[in-house]
Structure formats: C-alpha cells, structure tokens
Amino acid sequence: MNIFTKVMIVIVLMLIPVVMMYNSSNKISTGVVEQELLQVNMNRIRFFVEQMDVEADRLWRAAFVVASDPDALQLQLRSSSEPSYSMLASKTLLLQKLDMQSTTFQWVNDFTVYSPVSDVMVSTNYLQQHDADYFRNSSQQRWDYRMIVTERGPENAFVRDLITPFESNAKPKNPNLYVEVSFSSENLVKMLDRFKQGSVGEPFLYCPGFEPIMPRESEPGLINAMAEQFDKIKAQNPTEGSVKLNFRNEPYLVNYVASASLGWYLIDFQPMQKVLEPIDHSKKMFYAAGLLLLVLGVASAALLYRNVQKPIYDLIRAVKSLRRGEYGHRVKHVSNNEFYYLIEQFNLMSHDIQTLIDKVYTEQLQAKESSLKHLQAQINPHFLYNNFAYIQSMAQLERTKAIVAFTQHLSQYYRYTTRTEQQLTSLAEEMELIRNYLEIHRMQSERLQFHEHIEAGMFALLMPRLLFQPLVENAIVHGMEGKKGKFEIVITGKQTEEGWELFVEDNGVGMQQDELDSLRRSLQLKSSADHSLGLRNVHQRLRHYFGQSSGLLIEHSSLGGLRVGLMIKNGGDSDI
C-alpha cells in the first residue's frame with residue numbers, strides 16, 4: 001500500500017473511535033444532565049414547599065395569638081341583647097386587631113372569631129355566613145380546602161379552625177370560641193407563577209379528590225392527565241421522589257414533594273426534549289463537522305499524494321540506485337525538487353549534530369571529573385598546621401604515647417583524603433575517616449565529645465568520598481568556637497521510605513534565624529565567596545550523584561546548635 005491508501009485508512013480509523021467516544025460521552029453527559037436536573041429541581045421544589053408550609057404555619061400560629069387576645073376572650077361574655085352601641089364598639093375594636101393581624105402576612109387571608117356562647121361573630125370576611133351550623137363541620141387537625149364567599153367573589157380557599165378550649169386530638173364537646181383562618185388558593189397560584197418563570201417544567205399542586213392548583217399560563221389538559229397518573233408515581237415513596245417516565249410517547253422528568261402542613265403535593269414535570277434540545281443540537285453539529293472533516297481529509301490525502309508521495313517515490317528509487325553504486329543517477333526535475341535537497345542537508349546536519357554531541361559529552365565528563373578532584377583537594381591547610389603544632393608541644397612534654405596515637409589517627413586520615421583514584425566509597429569507610437578526624441580534635445580539646453547512632457544496614461551505602469566529613473568539620477569550626485564548657489556532636493543515620501538520612505548536630509553557638517535563611521539560600525548558588533562554600537559544594541555533589549531531589553537540610557538543633565543532614569532520595573535523576 002502506498003501512503004495515499006494508508007492515509008485514507010488512518011483517517012477512517014481516527015474517525016471511528018472519535019465517533020464512538022462522542023456517542024459514549026453524549027450518553028454519559030445526558031445521564032449527568034438528567035440527574036443534575038432532578039436534583040436541582042428537587043431542591044427548588046423542597047424550597048417552594050418549605051416556604052408554603054412556613055407561611056401556612058405562621059397563619060395557624062396567628063390563630064392562637066387571636067384566641068388569647070383579651071377582646072376575643074371577652075367576646076364570649078357579650079350578648080346579642082346588649083345595647084347596639086356597646087356591642088358595635090367591642091366588635092369594631094376586635095375587627096381592627098384582626099385586620100392588623102391579617103396585614104402582617106404575605107398571603108391574602110381572613111380571620112374570623114365566633115363565640116357559640118354569646119352567638120357573636122367578628123370577621124374580616126363580612127360576606128361569608130358564620131354561625132353555629134357553619135362551624136359544626138369545622139376542621140382543627142388539618143387545613144380544609146373548600147369554596148367560600150369573599151369580597152372578591154366565590155373562591156377556593158384553605159380553611160382551618162382553632163377551637164377553645166384547645167385539645168390537640170379531639171374536638172371539645174362544649175366549645176367556647178372558634179378562631180378561623182382562611183387563605184385563598186390564589187396565593188398559591190401566584191407562587192406557582194413565580195416558580196415557573198425561567199423553567200420549562202409544568203408545576204402544580206395536587207391532592208386526591210380535588211382539582212389541581214396550577215399556574216395561570218399552563219396546559220390544564222396535560223396537568224389533569226398527569227395528575228391522574230400521580231397515584232401510581234408516588235406509590236413507591238409517598239413523601240417525595242424523582243422519576244423518569246414516558247407519557248404520551250414523550251420522556252418526562254417528574255419531581256414531587258408532599259407539604260407537611262397542607263397535605264398537598266407539589267409536582268413538577270419537565271419534558272426532556274426541551275431540556276436536552278441544546279445537547280441534541282450539539283450532537284447534530286458534531287456529525288456535520290465530522291462529515292466535513294472526512295471530505296477535507298480525502299481532499300488532503302489526494303493533495304498529499306500528488307505533491308509528496310510521487311516525489312518521495314522518486315527519491316526512494318534514487319537512493320536505491322546510489323546503494324547499488326550508480327552515483328551518476330539523478331532525480332528528474334519536479335516542481336517540489338526541494339525533497340532531494342532536504343534529504344541531503346538532513347544527513348549533513350545529522351552528522352554535525354552527532355559530532356557535536358560526542359564532543360560536548362566528552363567535555364562535560366572531563367569537567368565533572370576535574371570538579372570532583374578539585375573538591376577533594378580542598379583540604380584546610382590550617383588543620384595540618386595545628387596538628388604539627390600539637391605534635392611539637394607533645395614532643396616537648398615528652399608524651400610519646402599521645403604522639404603515637406595522634407600520628408596514627410593523622411596518618412589514617414590523610415591516607416584516606418589523599419587517595420583520589422577511587423571516587424566512591426562506603427559509609428563505613430567515611431565514618432572511619434570521621435572517627436579519626438574527631439579523635440584528632442578530641443586529643444587537642446578534651447571538652448569535645450561525640451556520639452553516633454547509625455543503623456547497621458546503612459554502612460554499605462555507597463557515596464562520593466569526603467561527602468559527610470565536611471559537615472562534621474563545619475560543626476567543629478563554627479559551632480565549637482565561642483562555646484564554653486562541654487561541646488557535643490551527635491551523628492545519626494536512618495533509612496526512610498524515600499532513601500537515607502544522615503545528620504550531624506551539635507550544642508554549639510548555633511545561628512540566628514536570618515543567618516540560617518541566608519545560608520539556605522546560598523546553597524542554590526553556583527559560586528560565592530562567603531563561608532558557606534564547603535556546605536554548598538556538598539549540596540551540589542549530593543544533587544549531582546543522587547538526583548535533584550536530594551540535598552542538604554539545615555535547621556536548628558534541639559541540643560542548642562545546628563542540625564545539618566544529608567537527604568539522599570531513591571529513584572532520583574542522577575547525573576553520574
């Protein structure tokens with residue numbers, strides 16, 4: 001197969017998984033949208049029902065306030081045979097209080113107070129007939145939905161009566177006072193109108209045996225048909241729920257919540273076609289774009305064959321001829337004859353790049369080797385002078401045993417430090433060097449004490465030579481000077497999940513926080529003339545051999561001085 005055929009196969013193979021992935025993604029996104037819609041709409045419905053129940057409960061609590069009002073209590077002591085002026089003044093005062101109580105609510109409502117003892121009634125709804133026969137069928141345990149007459153005309157309303165003396169589970173046999181609270185269903189219609197704004201759903205309130213309460217701009221036929229199906233929908237969960245169903249050959253998302261105060265259900269059903277219309281539009285646009293890409297891919301493949309495939313085929317034949325030794329063969333002149341020039345220059349460029357890489361790599365190895373040897377050669381000459389002075393003073397005092405022990409430690413120390421042919425060593429050999437080094441200083445100053453606590457399994461750890469010793473030297477040079485009394489050095493080592501940790505801490509003079517921060521920043525510098533040169537060299541060598549995640553850790557010690565550690569991480573990108 002030539003490149004043209006391969007390109008066509010690749011285009012088709014690329015489109016197949018793209019289409020499959022898009023279909024899968026579309027199904028998942030549709031399911032997520034459905035779940036989110038159900039959840040979001042359920043939260044909106046719960047909030048709506050909560051608002052409705054709160055307002056209804058406030059009205060019912062207001063009935064207790066009215067029932068405890070002194071003027072309402074005295075109403076049962078009045079008599080219809082009293083002088084008309086006295087009765088009118090008393091009823092007018094109570095009516096004013098009822099009006100004030102009624103206006104404190106958002107819903108349009110009415111309050112009525114009736115005393116069967118005195119047969120006296122006061123009501124904000126003066127058109128409704130209130131007498132003993134009317135209150136015989138009063139409802140105290142729940143809100144009753146029925147037709148009443150108001151100044152607005154006949155309308156459906158929710159009515160509830162408080163009967164005194166109040167009994168929560170039964171109606172008293174000899175009631176003293178009726179306090180009736182009623183509010184029109186038009187209040188709920190207005191709330192449904194606001195709830196429906198900005199939504200594609202059809203919300204309505206429903207209670208079996210009554211006509212649904214629905215917004216003004218709604219489809220009564222659809223709502224009534226959905227209400228008939230509601231008993232089947234709420235069978236599994238009579239309190240609240242979310243379901244997806246097909247109704248009249250169309251998918252719907254249905255949410256419902258029961259009102260604890262009114263006993264009605266708020267139902268909202270959303271047609272999925274309207275909700276998912278943007279997703280369907282995006283799906284059509286995707287398939288149209290995919291078809292366009294397929295056409296453009298075929299055109300691009302044809303253009304590729306004409307302007308690339310044929311010149312490459314000519315170059316292949318030329319390369320085969322050169323391999324057979326036909327150096328006089330030439331590619332025929334074509335419009336895109338830059339291919340031959342491109343291949344020739346690429347070969348030259350590859351050769352130059354390879355030569356340059358070999359040269360630079362060799363130079364880097366030499367530079368690193370020279371840098372390591374230079375670091376090993378950085379031995380403090382003052383240390384050597386002080387040792388000779390100590391040997392001289394011991395010789396003058398004729399302390400031959402001290403001189404023998406001191407020279408043994410000194411010879412072992414310099415035998416290790418001057419051996420440059422081996423770049424790596426074990427931690428055991430490095431610790432032997434440190435013991436000799438500390439013993440040399442301890443013989444010169446008896447106030448020096450040192451302890452080591454290193455896990456036995458760490459002594460086989462390989463590391464660059466003279467990597468750990470500068471930390472001990474730094475502790476003596478900078479920590480012991482100015483420290484009165486006993487000077488203590490503690491060396492610890494342990495294995496961690498990420499690698500190894502080796503710490504040197506002392507009880508020396510330590511450092512101020514600003515000086516410590518400056519020292520930490522200097523570790524990242526390539527070169528500097530300050531006193532942190534030795535620590536910076538150790539830090540750079542650590543990162544060079546064990547990777548960029550390794551390095552020095554410097555912090556305050558619990559002993560009072562500094563705590564400096566080698567943090568060696570496993571799996572680092574080593575530059576060895």
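Guide: Helices α11 and α12 cross with left-handed geometry. The model is predicted.

Visitor: Which residues make the contact of α11 and α12?

Guide: From α11, they include Phe406, His409, Leu410, Tyr413 and Tyr416. From α12, they include Leu433, Tyr437, Ile440 and Met443. Each side has heavy atoms within 4.5 Å of the other, so the two are in contact. By class, the contact holds 10 nonpolar, 5 polar and 4 charged residues.

Visitor: How do you know that β7 and β8 pair?

Guide: Pairing needs at least two bridges. β7 (240-247) and β8 (250-258) share 8, in the antiparallel sense, so they count as paired.

Visitor: Which strand pairs with β8 through 7 bridges?

Guide: That is β9 (265-271), again antiparallel. Valine 257 has leucine 266 as its bridge partner in β9. The hairpin of β8 and β9 has 6 residues between the strands. Glycine 263 in the turn has a positive phi of about 80 degrees.

Visitor: Why is one side of β6 and of β7 left without a neighbour in the sheet?

Guide: The open sheet of 4 strands runs β6-β9-β8-β7, with antiparallel pairing. β6 (202-206) and β7 stand at the edges with a single partner strand each, so one side of each has no neighbour in the sheet. The twist averages 20 degrees from one strand to the next. Helix α5 (186-196) packs on this sheet and touches β6 and β9, at about 155 degrees to β6. Helix α6 (220-233) lies across β6, β7, β8 and β9, at about 60 degrees to β6.

Visitor: What makes β11 and β15 edge strands?

Guide: Their sheet has 5 strands in the order β11-β13-β14-β16-β15, open and with mixed pairing. β11 (448-454) and β15 each pair on one side only. Neighbouring strands are turned by 15 degrees on average, direction ignored. α12 packs on the sheet too, touching β11, β13 and β14 at about 165 degrees to β11. Helix α14 (513-522) touches β15 and β16, at about 180 degrees to β15.

Visitor: How many bridges join β15 to β16?

Guide: There are 6, between residues 551-556 and 562-569, running antiparallel. Two would be enough, so these strands pair. Histidine 556 has leucine 562 as its partner. The hairpin has 5 residues between the strands, and glycine 560 in its turn has a positive phi of about 120 degrees.

Visitor: What makes the bond of threonine 164 and proline 165 cis?

Guide: Omega is about 0 degrees. Proline 165 is found in the loop between β4 (153-164) and β5 (177-184).

Visitor: Which positive phi values occur in a residue other than glycine?

Guide: They include aspartate 119, near 55 degrees, in the loop between β1 (109-115) and β2 (120-123). Glutamate 398 is near 60 degrees, in the loop between α10 (381-396) and α11.

Visitor: How do you know that arginine 563 sits over the ring of phenylalanine 503?

Guide: The distance limit is 6 Å from the ring centre, and the charge must also lie within 35 degrees of the ring normal. Arginine 563 is 3.6 Å from the centre, over the ring, so it passes. Likewise, arginine 160 lies over the face of tryptophan 60, at 4.0 Å.

Visitor: What makes two rings a pair?

Guide: Their centres must lie within 6.5 Å. By this rule there are 22 aromatic pairs. Ring pairs link Trp107, Trp143, Tyr145, Phe158, Phe183, Phe210 and Trp264 into a cluster.

Note on methods: Residues numbered from 1 in each chain as written. Predicted model: local features only at pLDDT ≥ 70, side-chain atom pairs only at ≥ 80, totals over all residues. Heavy atoms only, no water. Phe/Tyr/Trp six-rings, centres within 6.5 Å; stacked < 30°, edge-to-face > 60°. Left-handed = near helix turned anticlockwise from the far one by under 90°. Nonpolar A, V, L, I, M, F, W, Y, C, P; charged D, E, K, R; others polar. Axes fitted to C-alpha atoms, helices over the stretch in contact; angles between N-to-C directions.
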